[in-house]
Amino acid sequence: MSNNEWKLVGMAKNGDAHAFALLYQKYYTDLYRFAFCLMKGSQSAEDAVSSAILKAYENLGRLRKNDSFKSWLFQITANECRNFLKHSPVYLEDSSYQEPYENETGYLNPEIQEMLSLLSDDERLIITLSVFSGYNSREIARLLHKKEGTVRSLKSRSLAKLRDHMEQ
């Protein structure tokens with residue numbers, strides 16, 4: 001975490017809404033990609049991220065260390081995704097609806113989504129955080145509460161699985 005981010009977290013903890021908004025802007029894209037992997041739908045991912053951000057803002061005073069802000073935010077987002085998946089009804093008439101892709105990033109490209117669907121949830125999260133968000137193995141391990149070696153191993157196997165599929 002940079003010194004500037006650390007200061008922003010401190011300011012936000014002291015009630016500075018603008019500082020929290022700057023942190024939100026910094027992490028929104030990564031949170032959305034993370035939620036998208038868990039939720040497998042863009043509207044659900046947006047809802048989960050919005051709910052997580054609200055909970056984070058309301059509970060910011062409970063954050064003990066400024067350095068833990070990012071992993072804390074991702075953990076809240078993961079919890080919100082799980083809650084949404086548990087309690088959200090599935091509407092059959094909506095199951096064929098797909099969000100438009102023309103204004104989205106490459107990550108949401110249908111071919112890439114199809115490839116990522118071959119991976120387990122953990123593999124998909126690790127590849128998404130690594131390839132699309134630029135996190136290193138240490139950062140991913142902290143976010144997902146896994147060992148660095150486990151993250152590297154899963155990433156390697158996942159990439160091999162994707163390569164094998166592409167060669168078929």
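L125 is buried, with a relative accessible area of 6%; buried means under 20% relative accessible area, exposed over 50%, and partly exposed in between, with a 1.4 Å probe and protein chains only. The model is predicted, so local features need pLDDT of at least 70 and side-chain atom pairs count only at pLDDT 80 or more, while totals for chains, interfaces and linings use all residues. Residues are numbered from 1 along each chain as its sequence is written, and side-chain values use heavy atoms, with hydrogens and water left out.

L125 sits in helix α6. Helices (H or I, at least four residues) and strands (E, at least two) are DSSP runs, numbered from the N terminus. Leaving aside neighbours within four places in sequence, L125 is in contact with F34, C37, L38 and L144, where contact means heavy atoms within 4.5 Å. The C-alpha atoms of L125 and K155 are separated by 9.5 Å, and the two residues are 30 apart along the chain.

**The chain as a whole**

The protein chain has eight helices and zero strands. Of its 168 residues, 39% count as buried. Among contacts between residues at least 6 apart in sequence, 62% join residues at least 24 apart. The chain exposes about 10,200 Å², and carbon and sulfur atoms supply 49% of that area; accessible areas come from the Shrake-Rupley method with a 1.4 Å probe, and for residues only the protein chains shown count as cover.

**Nonpolar cores**

A nonpolar core is a set of buried Ala, Val, Leu, Ile, Met, Phe, Trp, Tyr and Cys residues joined through side-chain atoms within 4.5 Å. The largest one has 39 residues, and F69 and L129 have the most contacts inside it. The elements that give two or more residues to this core are α1 (3-13), α2 (17-39), α3 (42-58), α4 (69-87), α6 (121-132), α7 (137-144) and α8 (148-167). The most comes from α2, with 11 residues. Another core, of five residues, lies apart from it and includes M115, L119, I127 and L162.

**Aromatic pairs**

The structure holds nine aromatic pairs. Rings of Phe, Tyr and Trp (its six-membered ring) pair if their centres lie within 6.5 Å; planes under 30 degrees apart count as stacked, over 60 as edge-to-face and the rest as tilted.

| Pair | Centre distance | Plane angle | Class |
|---|---|---|---|
| Y27 and F69 | 6.0 Å | 45° | tilted |
| F69 and W72 | 6.0 Å | 45° | tilted |

Y27 lies in helix α2 and F69 in helix α4, so their pair ties together parts that are 42 residues apart in sequence. F69 and W72 both lie in helix α4, three residues apart, about one turn of the helix. Both Y27 and F69 are buried, and W72 is buried as well. Ring pairs link F20, Y27, Y57, F69 and W72 into a cluster.

**Helix α8**

Helix α8 has 20 residues and reaches 29 Å from its first C-alpha to its last, close to the 28 Å expected at 1.5 Å a residue. The expected span is 1.5 Å times one less than the number of residues. V151, L154, S158 and L162 of α8 are buried. These four cover an arc of only 70° around the axis, which puts them on the same side of α8; the arc is that of the directions from the helix axis to the C-beta atoms. R157 and E167 are exposed on the other side of α8. The buried residues of α8 pack against α5 (110-116), α6 and α7.
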